[in-house]
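This report was prepared to accompany a protein model. Please consult the sequence and the coordinates alongside the text.

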Amino acid sequence: NFIGTDVTGAYPLGNTDFGVDLTNSASLNVIGNDVAGAGNVVSSNGNGGMLVTSGAFSNYIEANFIGTDLTATLALPNGTAGGVDISGAALKNQVGGLLAGQGNTIDNNLGAGVTVDGSSGPGTGNVIPHDSFSNNGGPDGISLFANGNNSQAAPVIGSVTNSGPTTTVSATLTSPHGIYRI
């Protein structure tokens, strides 16, 4: 599907709001696909790419091209709300998949790639794994606002070394006691 572009996905036709809205406790929706390259193009929308709000929970946004075309070479920015805006007490949503190829390409948006905003409710348990971010406004990747996701910061990568078939990543995670997927 091409949301905000023409049928080729290369020319902007966006609307004045979000390209995709998951609202009013929407749950168990899959926006995109778990197959690499089979997701949607969600670009050139006036407000932002996707809005997940008003108690929406347990939705999956996977393998989409947000703010770009299918080849991830053309800049087709969404508005200042950015690529994906999670707000309004939205809980336990997932932006990007857990397996290779399920991540979204979130590039060129006027706002952050993904924002989790807790100002209208807790907005916790939202997972953002395996996405690719570049050239977004504000924080390029993930922005946590007003205690969104309990202000859980991303790990700080200290080093990455590659030795043949093994890649080792050293990182620091500042967080309350608990179990975290890195």
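**Overall form**

The structure discussed here is a predicted model. The protein contains 15 strands and 0 helices. Along the principal axes, the C-alpha atoms occupy a box of roughly 45 × 45 × 30 Å. Of the 182 residues, 43% are buried. The accessible surface amounts to about 9,000 Å², and carbon and sulfur atoms contribute 55% of that area. Among contacts with a separation of 6 or more, 76% join residues 24 or more positions apart.

**Strand pairings**

Strands of a sheet pair through backbone hydrogen bonds, in either a parallel or an antiparallel sense. In this model, an open sheet of 5 strands has the order β1-β4-β7-β10-β12, with parallel pairing. Its edge strands, β1 (2–3) and β12 (132–134), each pair on one side only. Within the order given, β7 lies between β4 and β10. The pairing of β7 with β10 is parallel, and Ile-66 stands opposite Ile-106 of β10.

An antiparallel pairing is formed by β14 and β15. Here Ser-159 has Ser-170 in β15 as its bridge partner. The hairpin of these two strands has 2 residues between them, and Gly-164 in this hairpin adopts a positive phi near 65°. The two pairings are set out below.

| Strands | Sense | Bridges |
|---|---|---|
| β7 and β10 (residues 105–107) | parallel | 2 bridges |
| β14 (residues 156–163) and β15 (residues 166–172) | antiparallel | 7 bridges |

**The setting of Gly-79**

Gly-79 belongs to the loop that runs between β7 (65–66) and β8 (84–86).

Which residues is Gly-79 in contact with, leaving aside its neighbours within four places in sequence? The contacts are with Asn-45, Gly-46, Asn-47, Gly-48, Leu-110 and Gly-111. For one of these residues, Gly-48, the C-alpha atom is separated from that of Gly-79 by 4.6 Å, although the two glycines are 31 residues apart along the chain.

Notes: Residues are numbered from 1 along each chain as its sequence is written. This is a predicted model: local features need pLDDT of at least 70, side-chain atom pairs count only at pLDDT 80 or more; totals for chains, interfaces and linings use all residues. Side-chain values use heavy atoms; hydrogens and water are left out. Helices (H or I, at least four residues) and strands (E, at least two) are DSSP runs, numbered from the N terminus. Contact means heavy atoms within 4.5 Å. Two strands pair if DSSP finds at least two bridges between them. Buried means under 20% relative accessible area, exposed over 50%, partly exposed in between (1.4 Å probe, protein chains only). Accessible areas come from the Shrake-Rupley method with a 1.4 Å probe; for residues, only the protein chains shown count as cover.
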